[in-house]
Amino acid sequence: MTAPHIEVDDLIISYGPVAAVGPVSFKVMPGQQLTLLGPSGCGKTTTLRALAGLEQPSSGRIRVGGETMYSGADGIDIPAEKRGLSMVFQSYAIWPHMTVFENVAYGLRVRKRPAAEITERVHAALDLVQMSRFAGRAASALSGGQQQRVALARACAFSPTVLLFDEPLSNLDAKLRGDMRIELRELQHRLGVTSVYVTHDLEEALAMSDQVVVMRAGHIEQAAPPDEIYNRPRTSFVADFVGSSNLVEGRLRPDLSADGLIALDVAEDTVIYATSYGRSVKDDVTLSVRTVHLRVTTHRPASIRNVWAVTVRRAVFLGDMTQLHVIWAGREIVVRCTALDGIAAGIEAWLSVDPAHCVVLEA
Ligand code: ATP
């Protein structure tokens with residue numbers, strides 16, 4: 001079995017008496033990208049900086065490539081420059097008065113590498129981000145996206161064993177961010193370099209990662225591959241933070257549960273069938289039902305479970321999709337759909353959802 005490239009165990013980072021992070025534990029396999037995702041202040045950057053050696057933890061352990069970089073118990077704390085990691089920041093921190101070449105060469109010069117090696121490494125790194133033709137240009141005469149590529153080339157020039165990214169795309173406009181996301185993911189695959197990426201942008205996390213760690217107030221709420229984070233959120237926080245969800249509370253009906261599904265009373269005369277995915281089910285259950293997994297149709301669907309007559313209260317056009325607000329079991333449920341097929345505010349319609357998409361959250 002392959003050993004993890006990065007192992008973080010029970011890491012706690014405190015500022016004064018208050019623990020900002022932890023304890024957190026996670027692993028990154030060689031060549032994989034793990035993303036720390038969460039709202040502002042949840043401790044993503046602090047965790048990343050501790051990995052880099054820029055923040056001193058108060059306890060726990062960090063191992064990279066089998067070597068201990070930090071261990072509270074053993075009094076080990078390897079300095080940042082000896083960890084073999086490279087970091088790309090949100091503010092690209094490139095020097096505007098230098099050429100693109102010199103920006104990328106800077107760290108190699110500081111490390112007193114021979115001139116021929118510097119030239120070779122800089123060109124290889126610029127090739128990687130398709131910026132070779134700009135080598136002689138002043139960095140100030142580049143667009144934001146190009147500057148971020150230079151910062152990336154600089155980080156890659158050392159051939160680091162691990163790349164750390166702190167919201168590297170957040171200063172770019174939405175369109176460019178979308179393009180760079182794909183580019184970065186391809187680059188990460190091409191280099192096969194293990195990466196840890198920090199973002200508060202859900203799409204970025206889902207699009208770029210092998211593993212997503214959702215953080216909240218210094219703790220890990222869920223760590224899983226992107227599709228699992230999206231389709232099987234563990235807690236209401238994850239369900240809510242990762243895309244739009246309806247949270248539905250119900251009471252267990254063991255007498256109706258069948259075919260591996262659990263049945264819940266959500267109101268008088270309204271039963272919903274859901275999937276527990278191996279999670280323990282108490283008497284009172286909260287479900288996550290994604291807005292995009294619900295269907296509203298004018299004809300009654302053929303399925304026997306999870307079909308209800310509803311009234312459409314509002315239809316809000318959002319461009320790529322339309323958001324419907326329907327009255328179901330005495331409450332308002334939000335549905336997002338791309339095709340309306342005759343659905344409009346005020347009409348009676350059918351609401352349906354596959355029980356596999358009604359996910360039991362942990363108590
Ligand atoms: P953002 O997305 O806004 O950067 P984040 O998830 O990266 O947020 P951190 O920057 O890691 O969050 O901060 C985690 C917590 O630690 C926050 O409550 C923050 O206020 C606190 N914190 C960060 N740096 C310091 C510091 N130098 N001194 C005291 N508290 C700090």
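Student: How many nonpolar, polar and charged residues are in the shell around the ligand?

Tutor: Begin with the classes. In this predicted model, the shell holds 5 polar, 4 nonpolar and 2 charged residues.

Student: Which residues surround the ligand?

Tutor: Read them in sequence order. They are Tyr15, Ala20, Pro39, Ser40, Gly41, Cys42, Gly43, Lys44, Thr45, Thr46 and Glu167.

Student: Which helix gives the most to this shell?

Tutor: Helix α1, residues 44-52, contributes 3 residues.

Student: Which distances should I read for polar side chains?

Tutor: Look for N or O pairs within 3.5 Å. The side chain of Ser40 places a polar atom 2.6 Å from a ligand oxygen. For Thr45, a side-chain N or O atom is 2.7 Å from an oxygen of the ligand. Tyr15 has a side-chain N or O atom 3.3 Å from a nitrogen of the ligand.

Student: How much of the ligand's accessible area does the protein cover?

Tutor: Compare with the ligand on its own, which has 630 Å² of accessible area; the protein covers 54% of that.

Student: How many disulfides does a search of the whole structure find?

Tutor: The test is a pair of cysteine sulfurs within 2.5 Å. The search returns 0. Cys337 is in no disulfide, and its nearest cysteine sulfur, that of Cys358, is 17 Å away.

Student: Is Cys337 buried or exposed?

Tutor: The cut-off for buried is under 20% relative accessible area. Cys337 has 14%, so it counts as buried. Cys358 is buried too, because its relative accessibility is 0%.

Notes. Residues numbered from 1 in each chain as written. Predicted model: local features only at pLDDT ≥ 70, side-chain atom pairs only at ≥ 80, totals over all residues. Heavy atoms only, no water. Buried < 20%, exposed > 50% of the residue type's maximum accessible area, 1.4 Å probe, protein only. Near = heavy atom within 4 Å. Polar contact = N/O pair within 3.5 Å; in protein donor to acceptor, adjacent residues only side chain to side chain. Areas by Shrake-Rupley, 256 points an atom, 1.4 Å probe, with all protein chains shown as cover. Helix = DSSP H or I, 4+ residues; strand = E, 2+ residues; numbered from the N terminus. Nonpolar A, V, L, I, M, F, W, Y, C, P; charged D, E, K, R; others polar.
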